Amino acid sequence: MAMPADAQTNSTIVADYRARTPGSAALFERANKLFPSGITHDTRYLDPYPLYVQRGQGSRKWCADGHDYVDYFGGHGALLLGHSHPAVVEAVQRQMAIGTHLGASHELEVRWAELVTRLIPCAQKVRFTSSGTEASHMVLRLARAFTGKLKIVRFTGHFHGWHDQVVAGAVSHFDGGVPVGVLPSIVDLSIVMPTDDVAPTVKLLEERDDIAAVILEPSGASWGQVPLPPGFIQALRDATARRGVLLIFDEVITGFRWSSGGAQKALGITPDLSILAKIVAGGLPGGAVVGRRDILDLLDYAVTRAGKREKVGHQGTYNANPVSAAAAVAALEIVANTDACDRANATSARLRDAMRQVLVEEAVPWGVYGDASSFHIFANPNGVPVDPATFDPHKLGFKGLKGARDGALVGKIRMALMNEGIDVMPSPGGLVSSVHDGADVDRTAEGLRRAVRALKAEREIRGL
C-alpha cells in the first residue's frame, strides 16, 4: 500500500522505518493481497505498513527483521505477565498434549471460575465466552431479560466490543449517527451520554422507566484515555441502585490489571455485572460475564424452570476451551498469589514520570498520564497550550482527548518510537506488564527523547 501523496516521503522518520523493516514490508505485500488493508485487526493498521512480529519474551518482542522492541502493546492488554511466561507456557503445552477441545465439561473450567469468583468482587457466578465482544453481547441480553426493559445507557467513546449494539459512539459517529451496516433500530436502543458531568445521566435515570442497564469502562473511555471526573462512578452506583437499573462494568482491560480484583476492587464500588476478557484467559482467547447470582441464573435450566421464566440461551463452541482454561488458571493463580499487579503498577508510575520528564526537558507541549499499569500520551494535535509538568487531562474532556485524535500524526509518532525500539498502541499509549523493569523504563525514556527530536525536525510537534 502506497503512502498518501502528501506524505511521500521527505520524512526521515518514515524512510528510517522502511529501511529498518524490509521484512515487514515483504510480509505486508503478501498480506495486502489477502486481507482488507492487509490487516486482521483495525488497531494494527499503520501507513505505510504495520510491524510484523515473530516472537515475544518477557517485556520484549522481535520483528521479522530481528530488531527487539520494548513492548507496550501487551497482546492488546492481555499480557499482564509479559510474553511467554513460563508457567503459562507449561500449562498450555501440557493441555495441548491432553486435548484441545473435549466437547465436554472439564475440571479446568471449574478451577478457572473458582479463581474468577475469588478475585472479582461482583462475581457470584460466571459464564465464559470466547471474547470480550461476546461477553458484551451476552451481558446486555441478560440485563434486558432480567429487567424486562430495553434501553441501555452507554457513554461517548467507551468501547465495549464491535457488535451492533455498542459500536455507535464508541470509535466513530460520536454525534449519534448510525454506522454503516448497523440497523438504526438497534442504535436507537442505546442512549449515549457524555461523561464531562454525571448530573445529566443521573437526571436521565431519575426521569425514565425504560432503562435496563448502564454500561461503562470504569477507567474512563479507552482504558483511561478520557478519565472520568471524580465521584462519577459512585454517583452512577447510587442512582442505578435507587432506580433498579443494573450497573455494568466493562473490565475487559481493567480486570486483573487495575488491581487483582479489577477496577471495582481498586475503586471499592461493586457493580451488578461485569465483563472480562484479555487477562482473564491468560493471553489466550476467552472472556466472561460475571455478576449477581440472581441475574446469571437466567442462564440456569433449573432456576428458570422453577421460576416459570424463559431461560436465556447461550452457546459457543469455544466457551471455556481447555487450552484457554489452562492458560487462565496458570495466570490467575499468579495474579492471586503474588504482587504481579502491584509490580506492573509501580513500574508504570515510574515510566510515566520518566516520560513526563523528557517532555519537560525537551520543551514538548504534550502530556503523559494514566492509571494503574497504563499510560497515555497526549500528542496535542490541535496545538493547544500545554505544560507537560502540570498536564491535566480532565481539563480537555472527550473532545480534546479521544475526539481530537489525529491518525496520521499518531502513525508518525509510533514509527518514530519503533525506530528507537519502542512499540506503543495507537492511542498513543500502552500497557505495562509485571516483568517490565528499570532498564525498559530507561530505554523507553531515551527512545522518546530521540523520537520527539525527530518529530521536531519534521515540524510535527504542534503548539511550539
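Mentor: The largest cavity is lined by 16 residues, and nearest its centre lie Gln225, Ile377, Ala379, Ser427 and Pro428. On a 1 Å grid over the protein atoms alone, a cavity is a set of points where a 1.4 Å probe fits but cannot get out, a pocket is an open set with protein on both sides within 12 Å along at least five of seven lines, and lining residues have an atom within 4 Å of a point. The model is predicted, with local features needing pLDDT of at least 70 and side-chain atom pairs pLDDT 80 or more, while totals for chains, interfaces and linings use all residues. Residues are numbered from 1 along each chain as its sequence is written, and side-chain values use heavy atoms, without hydrogens or water.

Trainee: Which element gives the largest share of the lining of the largest cavity?

Mentor: Helices (H or I, at least four residues) and strands (E, at least two) are DSSP runs, numbered from the N terminus. The elements that give two or more residues to this lining are strand S12 (374–378) and H17. The largest share, three residues, comes from S12.

Trainee: What is the volume of the second largest pocket?

Mentor: Of the 23 residues that line this pocket, the closest to its centre are Arg44, Leu51, Val53, Lys61 and His76. Grid points are joined across faces, edges and corners, and a volume is the space filled by probe spheres set on the points. For the second largest pocket this volume is about 550 Å³.

Trainee: Which residue in S13 is the bridge partner of Asp71?

Mentor: Strand S3 (residues 68–71) and S13 run parallel and are joined by two bridges. In S13, the partner of Asp71 is Asp423.

Trainee: How are H8 and H10 oriented to each other?

Mentor: Axes are lines fitted to C-alpha atoms, for helices over the stretch in contact (heavy atoms within 4.5 Å), and angles run from 0 to 180 degrees between N-to-C directions. Helix H8 (residues 199–207) and helix H10 (residues 232–243) pack at about 5 degrees, with their axes 10 Å apart. Angles under 35 degrees count as roughly parallel, over 145 as roughly antiparallel, 65 to 115 as roughly perpendicular and the rest as oblique. H8 and H10 are therefore roughly parallel.

Methods:
Two strands pair if DSSP finds at least two bridges between them.
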